[in-house]
Amino acid sequence: MEKKVKALLDTITFLVFLFFDFVDVVLCVAYELLDELFEAKPFPCYCGKKLETKELSETLFWRKNVFREMGFLSFGRKASEAVKKRDDGTRGEVVNRWSDCGCDSCVSWMKKSNQKLHVVVKEFPQVNSEDGPREEATTENVIFLHGFLSSSSYWTRSVFKYLSEPLNHQIYRYFAVDLLGFGKSPKPNDCLYTLNDHVEMIHRSVISAYELSSFHLVAHSMGCNIALALAAKYPKFVKSVTLVAPPYFSDSNDETSSSMALNTVARKTLWPPLAFGKSVMTWYEHLGRFFCFLICKNHTTWERIFKLFTQTRELNFMVVDLTRHTPSIQHGIACTM
């Protein structure tokens with residue numbers, strides 16, 4: 001009986017994800033046409049030829065789709081070429097992707113010529129003991145990196161408010177960063193969001209901007225991978241690394257490390273609901289963009305709805321963070337695997 005039930009569930013799961021394969025191919029064609037119409041320089045999806053760069057994880061191109069392998073995308077490619085031929089060069093440059101949110105909060109970074117990450121800084125001044133002699137203060141810098149679908153609020157709301165004044169002769173500076181593509185940080189649509197992209201932006205926005213010669217790293221989830229990349233690039237600067245819930249994958253002789261990570265993190269399953277949502281958003285680039293289009297582009301509307309139903313003036317930061325990221329990061333995060 002158990003074998004029959006399992007076989008039935010496996011069949012239903014196969015059919016559901018087969019349908020998603022078809023929908024994702026249809027959306028690929030639709031988005032390619034719309035991107036050509038509305039964007040001066042549309043960024044290619046990962047359904048085509050693998051880009052020649054070692055920074056991209058093979059998981060972005062390894063995700064198989066039955067209908068794509070059958071050549072269903074050929075029509076979309078031809079239609080896209082037709083749109084390019086009709087383009088007379090009068091199409092203006094767009095400052096924001098047509099499927100991304102255009103509210104002041106989401107596009108504020110575009111007004112700055114020197115784009116940097118949004119950083120929240122909290123500093124504790126030197127505290128002198130009344131009884132002891134005054135000593136020269138030393139500065140300890142700590143950089144906090146959040147995880148996926150989060151922002152600097154993860155640290156400022158849950159950690160910073162509980163920090164107390166130091167009792168020794170030291171100055172503590174805490175930096176909570178909105179990673180590239182999240183929160184109030186830049187969300188460029190021509191960025192691959194690789195580990196190197198994240199590391200370079202942190203260097204420009206924190207390490208170089210505040211002239212840090214040494215610092216500690218505290219990271220959560222996806223941020224742990226970025227923290228390790230920072231530690232590898234700046235071994236003389238990093239004094240310690242603290243990882244909270246880092247991604248961990250056991251070794252496998254049958255799969256490549258990237259494909260094993262993809263199957264471990266987002267195995268195709270219908271239950272539980274959270275795992276189902278994770279698998280859809282990970283395996284299907286265009287379905288993920290569609291849901292981001294519905295939620296992230298219209299996050300201000302959803303926030304008003306939540307406030308109306310919960311009768312609160314301020315939503316929980318986790319609800320807000322869930323909708324304030326660029327759809328590009330949804331799949332660019334695979335680059336950190």
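Helix H7 (residues 195–207) packs against helix H8 (residues 222–233) at an angle of about 70 degrees, with the axes 10 Å apart. H7 is therefore roughly perpendicular to H8, a label for angles of 65 to 115 degrees. This is a predicted model, where local features need pLDDT of at least 70, side-chain atom pairs count only at pLDDT 80 or more, and totals for chains, interfaces and linings use all residues. Residues are numbered from 1 along each chain as its sequence is written, and side-chain values use heavy atoms, leaving out hydrogens and water.

**Helix pairs**
- Helices here are DSSP runs of H or I with at least four residues, strands are runs of E with at least two, and both are numbered from the N terminus.
- Axes are lines fitted to C-alpha atoms, for helices over the stretch in contact, and angles run from 0 to 180 degrees between N-to-C directions.
- In the contact of H7 with H8 (heavy atoms within 4.5 Å), H7 brings Leu195, Asn196, His198, Val199, Glu200, Ile202 and Ile207, while H8 brings Asn225, Ile226, Ala229, Leu230 and Lys233.
- Seven residues of that contact are nonpolar, three polar and two charged; Ala, Val, Leu, Ile, Met, Phe, Trp, Tyr, Cys and Pro count as nonpolar, Asp, Glu, Lys and Arg as charged, and the others, Gly among them, as polar.
- Further along, helix H10 (residues 273–283) and helix H11 (residues 285–295) have axes that come within 5 Å and cross at roughly 115 degrees.
- Val280, Met281 and Trp283 of H10 meet Glu285, Leu287, Gly288, Phe291 and Cys292 of H11.

**A nonpolar patch on the surface**
- Phe290, Phe291, Leu294, Ile295, Trp302, Ile305, Phe306, Leu308, Phe309 and Val319 form this patch, with about 910 Å² of accessible area together.
- Patch residues have over 30% relative accessible area and no salt bridge, and nonpolar side chains (Val, Leu, Ile, Met, Phe, Trp, Tyr) are joined within 5 Å.
- Accessible areas come from the Shrake-Rupley method with a 1.4 Å probe.
- Helix H12 (299–310) and H11 each supply at least two residues, and the largest share, five residues, comes from H12.

**Salt bridges**
- The count is five salt bridges, each a side-chain nitrogen of Lys or Arg within 4 Å of a carboxyl oxygen of Asp or Glu.
- One of them joins Arg289 and Asp35 (2.9 Å, N to O).
- This pair links distant parts of the chain, with Arg289 in H11 and Asp35 in helix H1 (residues 2–38), 254 residues apart.

**Backbone details**
- Most residues other than glycine have a negative phi, and most peptide bonds are trans.
- Trp271 and Pro272 are joined by a cis peptide bond, with omega about 0 degrees, and Pro272 lies in the loop between helix H9 (257–265) and H10.
- Leu149, although not a glycine, has a positive phi of about 55 degrees.

Definitions and conventions
Patches are made of residues with over 30% relative accessible area and no salt bridge: like charges are joined within 9 Å, nonpolar side chains (Val, Leu, Ile, Met, Phe, Trp, Tyr) within 5 Å. Angles under 35 degrees count as roughly parallel, over 145 as roughly antiparallel, 65 to 115 as roughly perpendicular and the rest as oblique.
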